[in-house]
Amino acid sequence: FAEERTMRMYYPLIGMGEAHIAVAKGKTQVALKDLARAEELAQEMQMRPSALQAQEHAALILYALGRRAEAQSKRQQALATIDQIAGLFHDDKLRSQYREAASARLAKATP
């Protein structure tokens, strides 16, 4: 439906949904591919929060698979995305609060 109507803004969300379904079915490699595609599409459209979500989920899956180096790399990408988003805030206090909250959420999700 979204593709037929060229509703590109939903593509990353659909990809993340497909990744969640793949994880539930035990198809982690498919999930990682879906998340990579969702992240790529989100970045193309400068949908940074969606890219961040895809990065967080990918890091979590990679940690669960014991692929620590890849998970850490994805976590670093997520931290960079957090910094990009925080940089958009004009208010220093809000920027700091966002960075702190987003980093704490990432730390809980990825040991």
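**View 1. The surroundings of Leu35 in the predicted model.** Leaving aside residues up to four places away in sequence, Leu35 touches Met16, Ala19, Ala54, His57, Ala58 and Ile61.

**View 2. The largest nonpolar core, to which Leu35 belongs.** This core has 13 residues, and those with the most contacts inside it are Met16, Ala31, Leu32, Leu35, Ala54 and Ile61. Two or more residues are given to this core by each of helix 1 (11-24), helix 2 (28-44) and helix 3 (48-64), and helix 3 provides the largest share, which is five residues.

**View 3. Another core, lying apart from the largest one.** This other core has eight residues, among them Leu52, Ala78, Ala86 and Ala102.

View 4. Read from the N terminus on, the elements follow the order α-α-α-α-α. The radius of gyration of the chain is 14 Å, close to the 13 Å that the globule rule gives for 111 residues, so the chain is as compact as a globular protein of that length. Along the principal axes, the C-alpha atoms fill a box of roughly 40 × 40 × 15 Å. Of the contacts with a separation of 6 or more, 52% are accounted for by residues 24 or more positions apart.

**View 5. The surface and the charges of the chain.** Buried residues make up 34% of the 111 residues, while the accessible surface comes to about 6900 Å², of which 56% belongs to carbon and sulfur atoms.

How values were computed:
Residues numbered from 1 in each chain as written. Predicted model: local features only at pLDDT ≥ 70, side-chain atom pairs only at ≥ 80, totals over all residues. Heavy atoms only, no water. Helix = DSSP H or I, 4+ residues; strand = E, 2+ residues; numbered from the N terminus. Rg over C-alpha atoms; globule rule 2.2 N^0.38 Å. Buried < 20%, exposed > 50% of the residue type's maximum accessible area, 1.4 Å probe, protein only. Contact = heavy atoms within 4.5 Å. Areas by Shrake-Rupley, 256 points an atom, 1.4 Å probe, with all protein chains shown as cover. Lys, Arg positive; Asp, Glu negative; His and termini not counted. Charge placed at Lys NZ, Arg CZ, Asp CG, Glu CD. Core = buried A, V, L, I, M, F, W, Y, C linked by side-chain atoms within 4.5 Å.
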